[in-house]
Amino acid sequence: MWDNDETDLPKETGALIDYILSRYHERHRAELAELIPLARRVERVHADDPDMPRGLARALSSLAQEIEDHMTREERILFPAMRDEGRDAITRPIAVMRADHEFHARRIAQIRDRTRNLTPPAHACQSWRRLCSQTAMLLDDLSAHMALENDRLFPRFEAVE
C-alpha cells in the first residue's frame with residue numbers, strides 16, 4: 001500500500017498515471033470480481049447466523065459499479081488530458097473525481113459500520129474470515145488510491161489553473 005512517502009512514487013505525471021492504473025485500477029477490478037461471489041456465498045451459507053454480514057455482497061456490487069464508472073472516466077477522459085498536459089477544461093473533471101472520492105469514502109465507512117469494521121465473529125468459517133480480511137484490505141487500498149490522486153496527482157494540475 002502507498003504510505004504517503006513521495007519518494008516511492010514516479011515523479012513524471014505519465015509514469016504516475018501508469019502506476020495508478022496498474023497498482024490500483026487493475027487490482028480493484030480483480031479483487032472485486034473475487035470478493036462479490038465470495039460475499040454471496042458466505043451470505044447464503046450463513047443466512048441463519050445473526051452475525052453474518054448481511055448486505056455485504058450488495059454493498060460490494062454497488063461499490064464495484066461506482067468505482068468502475070469512476071475509473072473508466074479517469075481512463076477515458078481525465079488521464080489522457082493529463083498526459084497531454086491539457087490545462088484547458090481539466091478543473092471540472094478533477095472536481096468531479098474529488099466529489100466521487102468523497103462519495104466512495106462515505107460508502108467505505110458505511111460498509112465498515114455495517115460489518116463491525118469487517119471483524120468476523122469467533123465462530124466464523126475460513127471463507128467468512130477471508131471475506132472480511134480481503135474486503136478490509138480492498139477498502140484500505142481504495143482509500144490509499146484516492147489519497148494518492150487527491151494529494152499527489154490532482155494538485156499538479158489544480159495549481160496551474
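Trainee: Which residue forms a salt bridge with R112, and how far apart are the closest N and O atoms?

Mentor: A salt bridge is a side-chain nitrogen of Lys or Arg within 4 Å of a carboxyl oxygen of Asp or Glu. Here the partner of R112 is D140, with the closest N and O atoms 2.6 Å apart. R112 lies in helix α3 and D140 in helix α4 (residues 126–153), so the pair ties together parts that are 28 residues apart in sequence. Before going on, keep in mind that this is a predicted model, in which local features need pLDDT of at least 70 and side-chain atom pairs count only at pLDDT 80 or more, while totals for chains, interfaces and linings use all residues. Residues are numbered from 1 along each chain as its sequence is written, and side-chain values use heavy atoms, with hydrogens and water left out.

Trainee: Is R112 buried or exposed?

Mentor: The general idea is a cut-off on relative accessible area: buried means under 20%, exposed over 50%, and partly exposed in between (1.4 Å probe, protein chains only). R112, with 19%, is buried, whereas D140, with 33%, is partly exposed. Of the 161 residues of the protein chain, 44% count as buried.

Trainee: What is the secondary structure of the protein chain?

Mentor: Helices (H or I, at least four residues) and strands (E, at least two) are taken as DSSP runs, numbered from the N terminus. In this case there are five helices and zero strands, and the C-alpha trace spans about 55 × 30 × 20 Å along its principal axes.

Trainee: How many salt bridges does a search of the whole structure find?

Mentor: The search finds eight. Among them is the pair of D18 and R83, whose side chains meet at 2.5 Å, N to O. D18 is partly exposed at 40% relative accessibility, and R83 is partly exposed at 37%.

Trainee: Which residue forms a salt bridge with D100?

Mentor: That residue is R73, and the closest N and O atoms are 2.6 Å apart. Since D100 lies in helix α3 (residues 91–114) and R73 in helix α2, the pair ties together parts that are 27 residues apart in sequence. D100 is buried at 16%, while R73 is partly exposed at 28%.

Trainee: Which residues are linked in a network of salt bridges?

Mentor: R29, E68 and E75 are linked in such a network.
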